[in-house]
Amino acid sequence: MKRGLLLFVVFLLLAGVLGCGRTADSALELTHVRLPMGFVANVQFAPWYVAVERGYFAAEGFDLEFDYGDWDTKGVQLVAAGWTPFAIASGDQVVQARAQGMPIVTVVNWFQRFPVAVVALEESGIREPADLVGRKVGTPETFGAASYIGWRALAAATGLVEEDVQLEVIGYAALENLTVGRVEAAVVYANNEPVQLGQRGYDYVLIPVADYAPLVSNGVITNEEMLHENPELVRAFARAFLKGLADTLADPDAAFEICKKYVEGLEENDDVQRAVLDATLLYWQGDPLGASDPAAWQRTVEVMSEIGLLAGPVAAESAFTNDYLP
């Protein structure tokens with residue numbers, strides 16, 4: 001009887017220790033999150049690498065695993081189904097998902113400025129959207145990708161119509177097509193291909209879509225069930241990521257060094273990749289960090305509706321929330 005009582009007391013003491021909350025050495029209590037990422041590790045994921053490396057996610061109770069692959073739309077579907085609590089998705093993906101009845105919501109607006117632009121070589125004489133009339137313009141795709149949506153938004157905002165330009169699908173080979181003259185301008189990501197053009201010694205002109213039409217780019221998404229049932233978990237995840245983002249903006253040199261641990265072969269292309277990171281920093285800046293602009297969401301819904309990409313009506317305000325930011 002005494003032995004049984006002793007074991008019961010020991011059990012209570014152990015239960016008290018294990019249940020007293022998170023401790024620095026209590027890795028067993030971390031919530032594992034497998035985050036769908038882009039196809040490969042990239043310097044443009046620097047804030048995530050910084051947040052993990054500096055222990056911000058662990059401090060908030062997360063064991064974060066980066067899951068690279070073809071997650072362009074699958075990440076949205078996984079979050080909608082509740083298979084993973086968070087993913088990275090662009091505004092157009094969120095709007096399309098909601099049009100299909102998926103309860104997806106952006107809780108952190110990572111890119112404060114839409115990065116799609118039209119680039120042309122200096123020698124082309126192209127300086128503004130009106131100069132694209134009669135020109136051959138390359139685009140990666142002519143359907144629901146962010147680049148095509150950006151092009152349609154630029155055209156609508158500046159009065160260009162379909163017949164004004166010769167739109168040609170060139171995939172993701174803008175540099176090759178521009179530099180040999182197959183196209184006179186190309187729809188690109190302003191923080192990538194133009195940077196590489198400059199690194200190769202080409203003078204170029206950039207026409208950012210964001211200068212004419214505000215659209216929503218990449219952010220952190222979750223589903224409505226998470227927001228209702230685990231709001232503190234969402235806040236903690238947002239807090240950890242935004243600390244990494246703030247650190248990256250404040251000290252890109254240190255962030256780039258951290259990237260070398262996560263991005264294979266980064267040192268072999270050091271100058272170009274550092275230039276890409278520097279260009280990308282401009283698209284992350286905001287006050288406050290992570291906040292969504294209601295006007296940008298409204299414009300995104302309008303553009304996608306106009307070009308027939310939505311299966312049904314979408315209320316712009318249902319696609320995002322700023323209520324879970326620090």
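This is a predicted model: local features need pLDDT of at least 70, side-chain atom pairs count only at pLDDT 80 or more; totals for chains, interfaces and linings use all residues.

Trainee: What percentage of the residues in the chain is buried?

Mentor: A residue is buried under 20% relative accessible area, exposed over 50%, and partly exposed in between (1.4 Å probe, protein chains only). Of the 326 residues in the chain, 49% are buried. As for contacts, the term means heavy atoms within 4.5 Å. Among contacts between residues at least 6 apart in sequence, 81% join residues at least 24 apart.

Trainee: Which strands pair with β10?

Mentor: Two strands pair if DSSP finds at least two bridges between them. Strand β3 (residues 87–90) pairs with strand β10 (residues 218–223) in the antiparallel sense, over 4 bridges. Within this pairing, Ala-87 has Ile-221 as its bridge partner. Strand β4 (residues 104–108) also runs antiparallel to β10, joined by 4 bridges, and there Ile-104 stands opposite Asn-223.

Trainee: Are the faces of β3 covered or open?

Mentor: Both faces of β3 are covered. Ala-87 and Ala-89 are buried on one side, and Ile-88 and Ser-90 are buried on the other.

Trainee: Where is Thr-139 found, and what does Thr-139 touch?

Mentor: Thr-139 belongs to strand β6 (residues 136–139). With a relative accessible area of 0%, Thr-139 is buried. Not counting residues up to four places away in sequence, Thr-139 touches Leu-167, Glu-168, Val-169, Ile-170, Gly-171 and Val-187.

Trainee: How should I read a helix, and why is α12 called largely enclosed?

Mentor: An α-helix has 3.6 residues a turn, so residues three or four places apart point the same way. The expected span of a helix is 1.5 Å times one less than its number of residues. Helix α12 (residues 270–284) has 15 residues and reaches 21 Å from its first C-alpha to its last, close to the 21 Å expected. Because 11 of its 15 residues are buried, α12 is largely enclosed by the rest of the structure. The buried residues include Val-272, Leu-277, Tyr-283 and Trp-284. Those buried residues pack against α2 (46–53), α8 (193–199), α10 (231–250) and α11 (252–262).

Trainee: What does Val-276 touch?

Mentor: Val-276 lies in helix α12 and is buried, with a relative accessible area of 2%. Leaving out residues up to four places away in sequence, Val-276 touches Val-43, Gln-44, Asn-191, Asn-192 and Val-195. By contrast, Glu-122 is 154 residues from Val-276 in sequence and 20 Å from Val-276 in space, C-alpha to C-alpha.

Trainee: Which residues line the largest cavity?

Mentor: On a 1 Å grid over the protein atoms alone, a cavity is a set of points where a 1.4 Å probe fits but cannot get out; a pocket is an open set with protein on both sides within 12 Å along at least five of seven lines, and lining residues have an atom within 4 Å of a point. Grid points are joined across faces, edges and corners, and a volume is the space filled by probe spheres set on the points. The structure holds 1 cavity of 30 Å³ or more, and the largest has a volume of about 40 Å³. Its lining is made up of Pro-140, Ser-147, Gly-171, Tyr-172, Ala-174, Val-187, Val-188, Tyr-189 and Glu-193. Strand β8 (residues 185–189) gives the largest share of that lining, 3 residues.

Trainee: What is the volume of the second largest pocket, and which element gives the largest share of its lining?

Mentor: The second largest pocket holds about 230 Å³ of space. Among its 14 lining residues, Trp-151, Arg-152, Ala-155, Val-161 and Glu-162 are the closest to its centre. Helix α6 gives the largest share of the lining, 6 residues.

Note on methods
Residues are numbered from 1 along each chain as its sequence is written. Side-chain values use heavy atoms; hydrogens and water are left out. Helices (H or I, at least four residues) and strands (E, at least two) are DSSP runs, numbered from the N terminus.
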